[in-house]
Amino acid sequence: MKNFHRTAPLHEKSLESRLMLRTRLLLIFLLPGCTCVNQQLNSPGVPIEARVLNHTRADVGADVAATLASPLTPGILPSTRPTTDVSSPLNDGFFVGLSLSGGGSRSANFAAACMFELQRLGLLKHVGYVSSVSGGSLTGAYFCCSGDGEGGWNPAEVQRRLTHSFATDMIIDLLEPWNMAALAFTSRSRSDLLAESLRDNLFTRNGHELTFADLRPDRPRLLINSTDLQSGRSFIFCNQSFDQINSDLGKFPISYAVAASASVPVILHQITLRDFSTIFKQYRHLIDGGVVDNLGVTSLLETYDAQERSAQAAGGPDPYPNGVVLFVIDAQTSFDAQLSDKEDISLLESLAYGASLTTSALINRASSETLADMIVRYSPDNVPAQTLRKEIAQLEDDGHLVLQDSRGKPVRIVAVALRQLSKLNDVPFGSFYEQVNSIATYFNISQTEAYDLYKAAELLMRGKLDAPLRDIASALHESPTTLPDEGP
């Protein structure tokens, strides 16, 4: 009798579990799935000139909209957008931009380590724009929506959050029966699983899922970069891009923007946005921003140039009379499949290593071309090719360079790259670069690997780049603003 009473509840519990599982599976088949996560901003019937525009902290300036528009979607006219305050956070007359490259959790942790070094020198508070790609978007977005107190932007909290095993979360969720069914028979995708892990571990505050409306006014403007799968052009999560598709950026989850920026083709699924600018069913399919620019520099350059042109065309004061400062954080390393001890590899391994090699080679080449384009953009027309090649080599090798823009203002560039470790003479031990180089571009990372990335940032920024960083700090701290008073 005792045995009967002991086993009956277990049987009932097992039956109840099976019924709950079947119910959940049935609901999954009935649900339409997570096709689009963006919401409409204006009714299609509202006249163009009467439509409400987005006003979040993700803003590039009206003139950049023309470069973001698709061939079928006109850009937002500058006259329809109120003038935005584009001065730097401390009103110091500098355009200070920070770009964070892609590279999974390796990039996320290296970017955070470098940002804490910038903060130590008093430079981070001058940054007006953060442009991020893929793994760098985890750090950039977290910084732009977190305070300085406990549970926010501080080394302990950042290290704890950015070493979370996001990829493991995805695998566990992927093996859940209801998720397997949803992935197979609905529009739910692997990128949804990544976005949910990012939401739960980075972008939720007091039970509230963070959206672009939650970006802090005391932080830089945030530009998260992705790629439009149809056109192959950059898609920036900003007011102007969402104005073009008549969608409410303020209600868009930051976790999904970061997931789109990190959605490596094949490995992850594209993030889909509904284009509400038309009554016809049209969509934008977004993948990893590293396909176009793995450094995120181009968005900063276009933003600066567009704001300069706007001010000049309007006859207003120069918003950045003291020039440009660009901090480029690059987690790019050399590809190493570590196959030398294997006599043969399987077909699956061959495909995986081949895909990784191709992706790494394309991204590394694109990153180098982005740096070269930045130098060419700010060089006078009469500069010989030999000088340009020398400047490109100097930036890649030394990590810093000073140019002049078309109006004669200084453009100071500091590029902090992991590959520069191979040229340091004072690394703590000989195999340190090999250790860092072997850290995968994956959304899992060990604490030892993260520690190595923090040590790498310290070696580069306190050693190799200390002098140029201190020169920039001196210029930013000592330069009085030359911007005119705005009046009462």
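Me: Before we look at anything, what does "buried" mean here?
Reply: A residue is buried when its relative accessible area is under 20%. Please also keep in mind that this structure is a predicted model.

Me: Okay, take K409 then. Buried or exposed?
Reply: K409 is buried, because its relative accessible area is 6%, and the limit for that class is under 20%.

Me: Where does K409 sit in the chain?
Reply: K409 belongs to the loop between strand 10 (400-404) and strand 11 (410-417).

Me: And which residues does K409 touch?
Reply: Leaving aside residues up to four places away in sequence, K409 touches Y304, E308, D318, Y320, P321, G323, L403 and Q404.

Me: What polar partners does the side chain of K409 have?
Reply: The side chain of K409 forms a polar contact of 2.7 Å with the side chain of E308.

Me: Switching to N54. Where is that one found?
Reply: N54 is located in the loop between helix 1 (2-30) and helix 2 (65-68). With 2% relative accessibility, N54 counts as buried.

Me: What does the N54 side chain contact?
Reply: There is a polar contact of 2.9 Å between the side chains of N54 and D243. A polar atom of the N54 side chain also lies 2.8 Å from the backbone nitrogen of L249.

Me: Let's zoom out. How many helices and strands are there?
Reply: The protein chain contains 16 helices and 11 strands. It has 488 residues, of which 50% count as buried.

Me: What share of the contacts comes from residues 24 or more positions apart?
Reply: Such pairs account for 78% of the contacts in the protein chain that have a separation of 6 or more.

Me: Now helix packing. At what angle do helix 3 and helix 15 pack?
Reply: Helix 3 (residues 104-120) packs against helix 15 (residues 447-464) at about 40°, and their axes are 9 Å apart. Helix 3 is therefore oblique to helix 15. The crossing of helix 3 past helix 15 is right-handed.

Me: What kinds of residues make up that contact between helix 3 and helix 15?
Reply: The contact of helix 3 with helix 15 comprises 13 nonpolar, one polar and five charged residues. Helix 3 contributes residues including F110, F116 and L118, and helix 15 contributes residues including L453, L460 and M461.

Me: How about helix 6 and helix 8, at what angle do they cross?
Reply: The axes of helix 6 (residues 166-175) and helix 8 (residues 190-201) cross at roughly 125° and come within 9 Å. Helix 6 is therefore oblique to helix 8, and the crossing is right-handed.

Me: Who meets whom in that pair, helix 6 and helix 8?
Reply: F166, D169, M170, D173 and L174 of helix 6 meet R190, L193, L194, S197, L198 and N201 of helix 8. By class, this contact has six nonpolar, two polar and three charged residues.

Me: Last topic, backbone angles. What is phi for S134?
Reply: Phi of S134 is near 50°, a positive value in a residue other than glycine. S134 is placed in the loop between strand 2 (129-133) and helix 4 (135-144), and at 5% relative accessibility S134 counts as buried.

Me: And N206, buried or exposed?
Reply: N206 counts as exposed, because its relative accessibility is 85%. N206 lies in the loop between strand 3 (204-205) and strand 4 (208-209), and it has a positive phi of about 55° although it is not a glycine.

Conventions
Residues are numbered from 1 along each chain as its sequence is written. This is a predicted model: local features need pLDDT of at least 70, side-chain atom pairs count only at pLDDT 80 or more; totals for chains, interfaces and linings use all residues. Side-chain values use heavy atoms; hydrogens and water are left out. Axes are lines fitted to C-alpha atoms, for helices over the stretch in contact, and angles run from 0 to 180 degrees between N-to-C directions. Helices (H or I, at least four residues) and strands (E, at least two) are DSSP runs, numbered from the N terminus. Angles under 35 degrees count as roughly parallel, over 145 as roughly antiparallel, 65 to 115 as roughly perpendicular and the rest as oblique. A crossing is left-handed if the near helix is turned anticlockwise from the far one by less than a right angle, and right-handed if clockwise. Contact means heavy atoms within 4.5 Å. Ala, Val, Leu, Ile, Met, Phe, Trp, Tyr, Cys and Pro count as nonpolar, Asp, Glu, Lys and Arg as charged, and the others, Gly among them, as polar. Buried means under 20% relative accessible area, exposed over 50%, partly exposed in between (1.4 Å probe, protein chains only). A polar contact is a pair of N or O atoms within 3.5 Å; within protein, one must be able to donate a hydrogen and the other to accept it, and residues adjacent in sequence count only if both atoms are side-chain atoms.
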